[in-house]
Amino acid sequence: MKTLVNSHKFLKIIFGIGLFVILCLGGLAYRHIKNLNETTKLVQHTYEVNMELEKMLSRLHYAEANQRGFILSGDSLFLQSFELRADNIIGNLARLRELTKDNATQQKNLDTLSFNVVNRINLLTETMEVAISKDINSSAFKTLFIENKSHEEQIRSKISEMIVLENNLLHQRKSEKNKVLDITPFLLYSILILTLLLLLIAYAKINNDINALKATNEELELFKNLNKQAEIISKQGTWVWYTEENRSEYSDNLYRLLGEEPQSFKAGRDTFLTYVHEDDKANLLEQIEKMEHDMALPFVNFRIIDKKGNTKHLKSYGELVTTAEGDKQLIGTTIDITEEIKNLETIEQRNKELERNNKELSTFNYVASHDLQEPLRKIQTFISRLESRDKDNLSEKGKLDIEKIKSLSSRMRLLIDDLLQYSRTTSKAHDEFVVTNMNMLLDHTKDEVFNSAEGYNIQITSDDLPNMKVVPFQIQQLFTNLLNNSIKYRKKGEDAIIHITYNEVRSTSIDVLKNSRFKYHHHISFKDNGIGFDQIYAERIFDLFKRLHSKNEYSGTGIGLAICKKIVENHNGTIIASGQINVGSTFDIYLPYRKHT
């Protein structure tokens, strides 16, 4: 689309340039033709001047002839003819005066010629008068006759001078005319070439635009087909309402949503409403009327009953668009959300089941904390009484059995406590997230560990921890379990050395955090010098009830690290274990950097 707009601008520019060039060339051609016309007129003008001079000279000859005829014969016809010639000669002088008005030299020559011609006519007239009244052999007649000859030579000389001048002008003007004529074909050919060149450029551009338009139409056709397929796959249809014409159009798949064949009926509000569920019809009609008034259709849900009698849930949305021509159209989409509604119902059902399971889990917690522990306490009480009262009466095997019962009951109590602790961490408890002094939590944990591990040599070093937004009792349990794990799996005969370090890391710098939605993470690391473990068990040790050693080697239920993992996950974090046998273990905890006030 952008290419076509640019091409349209380019064609406008080419057209403007072409029009400008053609106008310039047209103006140049007009000026050239005008010069040619003026040159032609000047040549014609020169011919006219020469012709008038020749006419005047010829008429003088005729006037002289008429004079001689009249003198010799006395016939009045010669006199009338003479007078006519004299008038014509005066007319010639007047026309020459007009023709040479823009030529100062010729005007000056014409002044002299006019003087001589008028004198000549007067002398001819006077000579005829003398010939009538006196003898032609008289001295007066001879004097006038000789004077006529003198004026005749002057007139001929001046006319010849003027003709030579006009011939020079004629030669010059012919030369200019020939130059103009020589340029004319080149100029016209140049105009033709430039015009053709502009036409070729415009043709090439239009041809390219047509090809581009064809390619665009093919892409649009492909997009149209893809859109039809997308509508079928996504179970949606589109519609257009032409507001000014009050006319609607439906896509093929919108007809299919109604259970009809594409374009099987005329699109319109009234027809569409016949498919709408009776309970939803009033609300949808209200929304449509509001759409016609506000030129917008917000999301509206309704049900339809298709041709086969199936009930479907649909959702529609529309918005107003204005075309380049200024026409207003309301375009919209209608989606079949029947599956979505069913999924929501399924989710609601599963949520209810989950709620029931949570209630059952709460019941289990109550049973585990009261009903199970109460018999266990009584068993331990009776075993203690039996041991204190009848210890001396028991055989060695009986004493050994009592010790086993005491050990198993203690293990069972520990297992119940750990299960209760694990069940308490199954919820993320978002409402319990508070800004917490992590150093204080760690200090409390250290005191608790030192008190329970009295008699062991334990060294714990830790970095300063920032305040974090956490669930305090869960984080303290996390710290407790990790420290106890390091103490439990210490090397025999060596002090338990534990280093707790902290730093803030960018999520993209840690492989397991690259897809995290948090930009930064808190990194807390627990590193000990214990017995370690084989790295192939790095993930297994976090599984519930999974142990790498027998219960006879190391006590425990296999729940402690599972609780650690659950607590970290409740905080949207990650915990990673790494170890080397007889070197030690490291637990890296990554908690999202939560901003708090």
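**Stop 1: the cores**

Begin with the largest nonpolar core, which has 36 residues; Met438, Ile475, Leu478, Phe479, Phe526, Phe587 and Ile589 have the most contacts inside it. The helix that gives the most to this core is α12, with 6 residues. A nonpolar core here is a set of buried Ala, Val, Leu, Ile, Met, Phe, Trp, Tyr and Cys residues joined through side-chain atoms within 4.5 Å. Buried means under 20% relative accessible area, exposed over 50%, and partly exposed in between (1.4 Å probe, protein chains only).

Before you click on, a word on the source: this is a predicted model, where local features need pLDDT of at least 70 and side-chain atom pairs count only at pLDDT 80 or more, while totals for chains, interfaces and linings use all residues. Residues are numbered from 1 along each chain as its sequence is written, and side-chain values use heavy atoms, with hydrogens and water left out.

Now select Leu478. Which residues does Leu478 contact, leaving aside neighbours within four places in sequence? They are Cys564, Ile567, Val568 and Ile589, with contact meaning heavy atoms within 4.5 Å. Then move to a second, separate core of 22 residues, which includes Trp239, Leu254, Leu273 and Leu284.

Zoom out for a moment: the protein has 13 helices and 12 strands, which are DSSP runs numbered from the N terminus (helices: H or I, at least four residues; strands: E, at least two). Of its 597 residues, 35% count as buried.

**Stop 2: a buried lysine**

Select Lys491, in the loop between α12 (472–488) and β9 (496–506). Lys491 is buried but has no salt bridge, and the nearest side chain of opposite charge, Glu494, is 4.4 Å away. The cut-off for a salt bridge is a side-chain nitrogen of Lys or Arg within 4 Å of a carboxyl oxygen of Asp or Glu. For charge, Lys and Arg count as positive and Asp and Glu as negative; His and the chain ends are not counted.

What does the side chain of Lys491 reach at 2.6 Å? Show the backbone oxygen of Asn582 and you have it. Not counting residues up to four places away in sequence, Lys491 also touches others, including Asn529, Gly530, Ile531 and Val583.

**Stop 3**

Next, show Glu278 and Lys281, whose salt bridge has its closest N and O atoms 3.1 Å apart. The two sit 3 residues apart in helix α7 (residues 278–294), so they are separated by about one helical turn. Glu278 counts as exposed at 60% relative accessibility, whereas Lys281 is partly exposed at 21%.

Asp279 and Arg303 also meet in a salt bridge (3.9 Å, N to O). This pair links distant parts of the chain, with Asp279 in helix α7 and Arg303 in strand β3, 24 residues apart.

Follow β3 (residues 296–305) to β4 (residues 311–322); they pair in the antiparallel sense over 8 bridges, where pairing takes at least two DSSP bridges between strands. The two strands form a hairpin with 5 residues between them, and Gly309 in the turn has a positive phi of about 90°. Ile305 has Thr311 in β4 as its bridge partner.

Finish on Lys312 and Asp306, a salt bridge with its closest N and O atoms 3.8 Å apart. Are these two residues buried or exposed? Lys312 is buried, and so is Asp306.

How values were computed. A polar contact is a pair of N or O atoms within 3.5 Å; within protein, one must be able to donate a hydrogen and the other to accept it, and residues adjacent in sequence count only if both atoms are side-chain atoms.
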